[in-house]
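This briefing is for a reader who has the sequence and the coordinates open. It goes through selected helices, residues and backbone features in turn.

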Amino acid sequence: MTERWHIDIEGIVQGVGFRPTVYRLALTLRLAGWVLNDSNGVQIEIEGAAEILHRFSAQLQAELPPLAVISKLQTSRIPPQYESTFSIRHSEQHQQTAAQIAPDSDVCPDCLKELFDPQDRRYHYPFINCTNCGPRYSIITSIPYDRSNTTMASFAMCPVCLGEYQDPTSRRFHAQPNACPDCGPQLALLDHNGDLQPGDPLEGASEYLRQGKILAIKGVGGFHLAVDASNDSAVAELRRRKNRDEKPFALMDYDLERIAAYAVVGPYEKKLLQSPERPIVLLKQKQPHSLSPLLAPRNNYFAVMLPSTPLHYLLLEQQPTLVMTSGNISDEPIAFEEDDARQRLASITDYFLTHNRPIYIRCDDSIARVMADKPLLLRRSRGFVPRALKLPGQQPNILALGAELKNSFCLTRDNQAFLSQHIGDLKNLETLQSLRSGINHLKQLLEWQPQVIACDLHPDYLSTAYANEQQELPVVQVQHHHAHLASGMAENGITDLCIGVIFDGIGYGADGHIWGGEFLVGNLGSYQRVGHFAYLPLPGGDAASKQPWRMAVSALAHCYGEEIPQLPFLADIPPSALKLVRQMIRQRINSPLTSSCGRLFDAVAALVGLRNEINYEGQAALELEMAVPQQPDFQPYPYTIQSEAELFIFDPSVTLKAIVADLQGQISAGSISGRFHVTLAHMLCDICQRIRNQRGINRVVLSGGVFQNRLLTELAVSLLKPREFEVFTHSLVPPNDGGIALGQAVVAGHLAQGASSLPIKG
């Protein structure tokens, strides 16, 4: 019996070869009907015998194109029309948009084969792509995803490319960036003044890199700055010009075989490196190696990625390992527009390897590492954005503005969250403008308007000011650490009460102090603080975040009062500065109280002589982790947990005094760091056990930037799980402030649905 089905599909189903897959499958099964793109995704009407239609539906979902993701599939039976053919129809535009855009993707194996085939017409063409790979999010200007709505609109296809584009059997059928050397974008090599260089741009760029020059290379989501990673003087000059003293540089290499010469590539790291998202992956260094020691000072890891564009493959085919770092000056957003890049990067780069395909929206590289045998995103950006995250329940339209550091924003609709690309540290007008642009772009793509704005509780953040400018909308201010908890819950699909262990640097607390070592009990709508690290003065406020010795002195004063022990790290501090800081602590002058776990890491890093001042956020804590010897087997230091007003307080005094005793006994910094990590893990587990005894809650969510620390996280999980806790960590959402917008969004959404009115701020 003949049936006709109407199928509505939502998800990442546009520009990824979905319609050709439907078409080919329908022809194979001899079914009639049509398929088209619309503003919500894809519509199909399919007609034939009922059992064949069921086979069609099952095969379609099992044999998706590589970049396609189905988030919703709804089938309804309609009257047969007794057609005899199947066709692909033109796109339709509806009022409300639910279509999802595919992220930018790596070069697929078929395109890569053609790229290096001398007989292929796209041989060595740096913009080769098809429906299974290439730029997506960074070039789209509006929905539906048609060529006219991308930055490829100005490139008219030649007859051969147009034939591929119109052929449903071709893998380039409706590949919107489709092009070839005759009709598509072209490379250009310019000097830092913008003057065009003669000769082949690719050969010229390769030669300049071999000479130790710094190049700005236009990628998919913005410009990279590149130098030969084995050239000490070139790396040093890039650091000087970029104003980046010690923060590790990202590397790019041609294949896994080359990477394996200087870094350990395990099976999980291999899978991450080779994924279509092409993130930067943290890999353990091998010793010895031939790369510059200036790439990652005092760090045991390299940050490495494989090529993500055909241009990168062509550059690296005959080129050694390259530094491939974001094209910006420190603290500014990555450059992505031609004129802006030439102006902002002219003082850094010697030459520009660029092209005439515009980037519509900047999108920096994603960063990941493997932790507890699963991937952990430290920065969620190119390759992952704007892929939706599934939420535990339905949401109103929330715009969440994220935190100040590692800013990203989040839009929610129904049961989906769209977490933005990495914006940067929201400390200047350039980054604020990048936030505004990103919000406007995603709103336009989704044809979406917010009903509620969510932001941090801190009154002085630029994001808070932006929220208060939107006077027509209610604003919900979400406490920083509750947002971390909610982010971890949302990613793991949890709605019930949980214990939240939230360790980070700083976050504005509900009591006006600076929180950061927190034990919460809460859900998506509310929380209670049930434990925290003892408060210590933060002498100089933000200055203490940049000078860990200040926290070390504060910690010693907390333990010993006025008679602090004379430890070696104090010898490097000017007496006048030390005297001033001790006076600030004593008199509580510009010394807000903090319970921050991150600042305690800073204090210990300074105490053991690793780092008195830092050059980038989190450096002291990272170097403290790096100092721990391989395969640590350490006993915890003694520690105390006090009960005060129904709160469990971890007072580090006993632990710190034991550390001082080890220092005076000339125990190594690595051994002290190992014991310190183990102590925190045992203390964390101890407090969770006490909370469970009181509250009967068995689920623990670990979140906050400190849980980027692999050693601490894996120690904590290894202690909690044998005690039959259910432990939840992050994977697709960063545990740091890059994931906090998701938590803000679900908290605000819960409050919007559960309250008759919302508090208006500002």
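In this predicted model, the cover over the buried residues of helix 16 includes strand 24 (536-537) and helix 15 (548-560). Residues are numbered from 1 along each chain as its sequence is written, and side-chain values use heavy atoms, with hydrogens and water left out. Because the model is predicted, local features need pLDDT of at least 70 and side-chain atom pairs count only at pLDDT 80 or more, while totals for chains, interfaces and linings use all residues. Helices (H or I, at least four residues) and strands (E, at least two) are DSSP runs, numbered from the N terminus.

**Helix 16**

- Leu578, Val581, Arg582, Met584 and Ile585 are the buried residues named in helix 16; buried means under 20% relative accessible area, exposed over 50% and partly exposed in between, with a 1.4 Å probe and protein chains only.
- These residues cover an arc of only 155° around the axis, which puts them on the same side of helix 16; the arc is that of the directions from the helix axis to the C-beta atoms.
- Pro575, Ser576 and Lys579 are exposed on the other side of helix 16.
- The 13 residues of helix 16 (residues 575-587) should span 18 Å at 1.5 Å a residue, and the end C-alpha atoms are 18 Å apart, which agrees; the expected span is 1.5 Å times one less than the number of residues.
- Arg588 follows helix 16 and has a positive phi, near 55°.

**Helix 6**

- In helix 6 (residues 232-242), the residues Ala234, Val235, Leu238, Arg239 and Lys242 are buried.
- Seen down the axis of helix 6, the buried residues fall within an arc of 140°, so they line one face of the helix.
- The face turned away from that buried side carries the exposed residues Ser233 and Arg240.
- Strand 9 (223-228) and strand 13 (322-326) are among the elements that cover the buried residues of helix 6; contact means heavy atoms within 4.5 Å.

**Helix 13 and helix 22**

- The axes of helix 13 (residues 480-491) and helix 22 (residues 740-754) come within 7 Å and cross at roughly 90°; axes are lines fitted to C-alpha atoms, for helices over the stretch in contact, and angles run from 0 to 180 degrees between N-to-C directions.
- Helix 13 and helix 22 are therefore roughly perpendicular to each other, a term that applies from 65 to 115 degrees.
- Residues of helix 13 in this contact include His480, His484 and Ser487, and those of helix 22 include Ile740, Gln744 and Val747.

- Pro548 lies in helix 15 and counts as buried at 0% relative accessibility.
- The C-alpha atoms of Pro548 and Leu607 are separated by 8.9 Å, and the two residues are 59 residues apart along the chain.
- Leaving aside neighbours within four places in sequence, the contacts of Pro548 include Asp602, Arg611 and Ile614.
- Asn299 is found in the loop between strand 11 (280-284) and strand 12 (301-305), and is buried with a relative accessible area of 11%.
- Not counting residues up to four places away in sequence, Asn299 touches Pro248, Gln285, Leu622 and Met626.

**Backbone features**

- Most residues other than glycine have a negative phi, and most peptide bonds are trans.
- A cis peptide bond joins Gln287 and Pro288, with omega about -5°.
- Val385 and Pro386 are joined by a cis peptide bond, with omega about 15°.
- Arg278 has a positive phi near 50° and is buried, with a relative accessible area of 6%.

Note on methods. Parallel < 35°, antiparallel > 145°, perpendicular 65-115°, else oblique.
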